[in-house]
Amino acid sequence: MNSSQAQGVLSGKFSWPVRVYYEDTDAGGVVFYANYLKFFERARTEMLRAIGYEQDQLIAVEGIIFVVRSVQVDYLSPARFNEQLQVSAKVSLAKKASLTFEQVISRGDDVLCRGSVRIACLDAQTMRPKAIPETLFRSILEHTRNEH
């Protein structure tokens, strides 16, 4: 983890850079609406990675997977081909078997998209809700409380 990633996690809000590729855009030349969800996913995954958790290891060792339970998105302004964006992820609510992330996609000071994503923790075999492992839960809470 580099120092800028560490600072992002320790402040309670993680930020990840995303470049807009041609494949991300629609016929109108702007990012296709569903691709913002992919950008959100990348930031959440990289946030977990930055605090020491790989999702494939969570499956193999802990027997859990994270799935999207619900999403609410506000599209405010379009992103275009080749732009450099920042995608943030902040845990706003942590429950026994779910996390709610507040996420923002921005270009410089311009907020392009805001979203709230609720993630459920499931048993990888049964696909039933399962408590988030205690060490992971504590780590998430620790980094969330360190918000400035």
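**A chat about the chain**

Guide: Buried residues make up 42% of the 148 residues in this chain; buried means under 20% relative accessible area, with a 1.4 Å probe and protein chains only. This is a predicted model, where local features need pLDDT of at least 70, side-chain atom pairs count only at pLDDT 80 or more, and totals for chains, interfaces and linings use all residues. Residues are numbered from 1 along each chain as its sequence is written, and side-chain values use heavy atoms, with hydrogens and water left out.

Visitor: How many helices and strands does the chain have?

Guide: There are four helices and five strands. Both are DSSP runs numbered from the N terminus: helices are H or I with at least four residues, strands are E with at least two.

Visitor: In what order do the elements run?

Guide: From the N terminus on, the order is α-β-α-α-β-β-β-β-α.

Visitor: Which strand is β1 joined to?

Guide: Strand β1 (residues 14-19) is joined to strand β3 (residues 84-95) by six bridges, and the two run antiparallel. Strands pair if DSSP finds at least two bridges between them. Arg 19 stands opposite Gln 84 in β3.

Visitor: And what about β3 and β4?

Guide: β3 pairs with strand β4 (residues 98-107) over nine bridges, in the antiparallel sense. Ser 88 stands opposite Val 104 in β4.

Visitor: How many residues are between β3 and β4?

Guide: Two residues, and the two strands form a hairpin.

Visitor: New topic. What share of the accessible surface belongs to carbon and sulfur atoms?

Guide: Their share is 51% of about 8300 Å², by the Shrake-Rupley method with a 1.4 Å probe.

Definitions and conventions
Buried means under 20% relative accessible area, exposed over 50%, partly exposed in between (1.4 Å probe, protein chains only).
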